[in-house]
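Here are my notes on the model you asked me to look over. Have it open while you read.

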Amino acid sequence: MVDAAVRPASTSNQSEPHIDVERVNDLLLGTWADIRRQSRELIKDSAFWRDDSLGMHEHRERVLSQLHLLVQNRAVHRAFPKKFGGEANNGANVAGFEEMVAADPSLQIKAGVQWGLFGSAVLQLGTDEHHEKWLPGIMSLEIPGAFAMTEIGHGSDVAAVGTTATYDPATEEFVINTPFRGATKEFLGNAALHGIAATVFAQLITNGVNHGVHCFYVPLSDEDGDDLPGITREDDGLKGGLNGIDNGRLSFDHIRVPRTNLLNKYGDVAADGSYTSSIDSPGRRFFTMLGTLVQGRVSLDGAASWASALGLHIAITYATQRRQFDGANGQETVLLDYGKHQRRLLPRLATTYAQLFAHDEFLQKFDGVFSGRTDTPDDREDLETLAAALKPLSTWHALDTLQEAREACGGAGFMFENRLVGLRADLDIYVTFEGDNNVLLQLVGKRLLTDFAAQFKDKDAAALARYAALQTAGKVFHGAGLRQFGQAVADLGSTARSVEYGLREEQQHELLADRVEQMVADIAGRLRPAGKDKVLGEKLFNENQAELIEAARAHGELLQWEAFTDAVNTVPEEDQGTKEVLTWLRDLFGLQLIEKHLAWYLINGRLSAQRAASVSRYIDRLCQRLRPHALDLVNAFGWEPEHVRAPIASGAEQQRQDEAREHYAALQASGEAPVSEKALHKKKQKRA
């Protein structure tokens, strides 16, 4: 274990421009910076750290004990009502929760299960009676619980879950049942061991009518800790990561719970079995209920982004100290001075910055909705779309970044003590829980199509004809190469002119936005022939599904670019150094997105071959410009040694390198250094 008290000396490059690290740290920590710092201060205590020497069973018990420590420190109750000792502060709650990923992702996720899912279901879907009865115990951890939504046969398709809750008016009870193996609730945190209750999502059936999925509070064990009759729980055992969480499966054999255990904020059943709801549409009711639990996706977006930041802090710190292969000056070269190493790490650093800035805006939106300040149906729909757009990008990026960071650190990165392989394993599941990423992006794509169609609602034939003409003109303009030709003439073969005329902020935004708009318009056009023909519609949708998901991804990337630009624009003009370096980093983010999709831009006539080639060349130049600022940029994440806990990022590598260089320098000065065989061979060749 690294000595967390070792704090490497700053090696910040003093050349101009330079950034104000504290200012950038404030920007990255965002709206709830003070809460994030409080959380980081708390997890500097080694009692919260992951202990890599523990086996699965010991790890689980350690994480449970850590949850009790969180309760003692009042670190996880910010979102709960003030009358129960909470703060009713949703944004602060998520911000503080996300920071636990640096202590142990198992701790973060188990806390999320207890208070962000199980507790939140009672809070958001229950009414005052439920709050009074269960929230105090949930908050104090006297009632550890599971969130029983996912089934082995229906993961992301929650509306199709097989578990049933059939009302019996004779006893005023719901009968919870698992009718077949595929309806078993699966992958549930707290289900294998620690949970004594669960919030169970099931098809509500009363008077012979299925009213769709609703949530029920279901006790799992008695006062002695023994499972209640009809409850079957199984342990999922060892997983690919997050082994500090007791994931398991639950099934129910006609378990009876009181009618009042229905969390009835959005739908209720009277004693006689009659069903009522304030939301008439079954579909809208279902999505409203699920929408109240969106904070899981919000927190995953932030936690994954901060995990990427931690991985990059380790890899870039190491890359500024580790030397490999002699350079022209006869000294071994620092890894980050190699162009390829810059290309591997700096664009990922730029993406992480973009994601953190976008996440803060996302968190503000979440807080506005859940506080009630901006809680309208449109705002909730926007929040759901944001969650579905950003969570996939950040979680995929975390896996990619942690893997690249691991490889960039060579064998040292493969050592468990240096955190990267453990973080990579733990973050793996983030891409599929709280919604499979591709399914989420499909939801975003459908929203984009809906918004596209809304532009033409109630439009007359003349307006539609004008749009069609513009689309045709646009395709001719781009497809015929006229725009490409104009770019080539303007650029005159010069990378500098290509950048000046076509790759600055305004053009980056245009290229990124244009790609989203064109892809959505093209897909909408290809779907239009289906009309009301459901069979043809399904066929056409399937044929365009991959491109629709890609359009949704492009939409998310555009949101991140805009958030990054907004953050850059908040830097005051007098801090020109910070503004300039962050602008370079934003440009690196935007241009690497354009580079990734160069084929699309070329095929669709948005870029000339000359300007397309300039994209990659300018990215290389930006990496060189940013190289002197790399350490400052990762130090701006604000991690302290107690958070990093990776020996290769502790300054130990710098000490080794300095010792080696001092050894060879002293040996050379002594006159006792052995002569290189290569040098002798060269002398012989000269004589000959």
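1. First, the ground rules. This is a predicted model, so local features need pLDDT of at least 70 and side-chain atom pairs count only at pLDDT 80 or more, while totals for chains, interfaces and linings use all residues. Numbering runs from 1 along each chain as its sequence is written, and side-chain values use heavy atoms, with hydrogens and water left out.

2. Start with the packing. The largest nonpolar core has 158 residues. By nonpolar core I mean buried Ala, Val, Leu, Ile, Met, Phe, Trp, Tyr and Cys residues joined through side-chain atoms within 4.5 Å; buried is under 20% relative accessible area, exposed is over 50%, and partly exposed is in between (1.4 Å probe, protein chains only). Leu70, Trp115, Tyr353, Leu427 and Phe637 have the most contacts inside this core.

3. Take Leu70 as a worked case. Leaving aside residues up to four places away in sequence, Leu70 touches Leu42, Phe48, Ala75, Val76, Met100, Leu107, Ala111 and Trp115. A contact here is heavy atoms within 4.5 Å.

4. Now look at Ala102, in the loop between α4 (90–98) and α5 (105–125). Helices (H or I, at least four residues) and strands (E, at least two) are DSSP runs, numbered from the N terminus. Is Ala102 buried or exposed? Ala102 has a relative accessible area of 1%, so it counts as buried. With residues up to four places away in sequence not counted, its contacts are Ile43, Leu310, Arg419, Trp639, His643 and Arg645.

5. Gln124 sits in helix α5. Its relative accessibility is 11%, so Gln124 counts as buried. Beyond residues up to four places away in sequence, Gln124 touches Lys265, Tyr266, Thr292 and Phe370.

6. On to the charges: the whole structure has 46 salt bridges, each a side-chain nitrogen of Lys or Arg within 4 Å of a carboxyl oxygen of Asp or Glu. One of them pairs Lys110 with Asp246, at 2.7 Å from N to O. Lys110 is in helix α5 and Asp246 is in the loop between β7 (231–235) and β8 (248–252), so the pair ties together parts 136 residues apart in sequence. Lys110 and Asp246 are both buried.

7. Another salt bridge joins Glu407 and Arg344, whose closest N and O atoms are 4.0 Å apart. Glu407 belongs to helix α10 (residues 377–408) and Arg344 to helix α9 (residues 339–371), so this pair links parts 63 residues apart in sequence. Glu407 is partly exposed at 37% relative accessibility, whereas Arg344 is buried, with a relative accessible area of 18%.

8. Asp375 and Arg380 also form a salt bridge, at 2.6 Å from N to O. Asp375 is partly exposed at 36% relative accessibility, and Arg380 is partly exposed at 23%. As for networks, salt bridges with shared partners join Arg344, Arg348, Asp400, Glu404 and Glu407 into one.

9. Last, have a look at helix α18 (residues 534–569), which bends by about 55° at Gln545. The bend is the angle between axes fitted to the seven residues ending at a residue and the seven starting there. At the start of α18, a side-chain oxygen of Asp533 comes to within 3.2 Å of the backbone nitrogen of Val535.

Notes: Polar contact = N/O pair within 3.5 Å; in protein donor to acceptor, adjacent residues only side chain to side chain.
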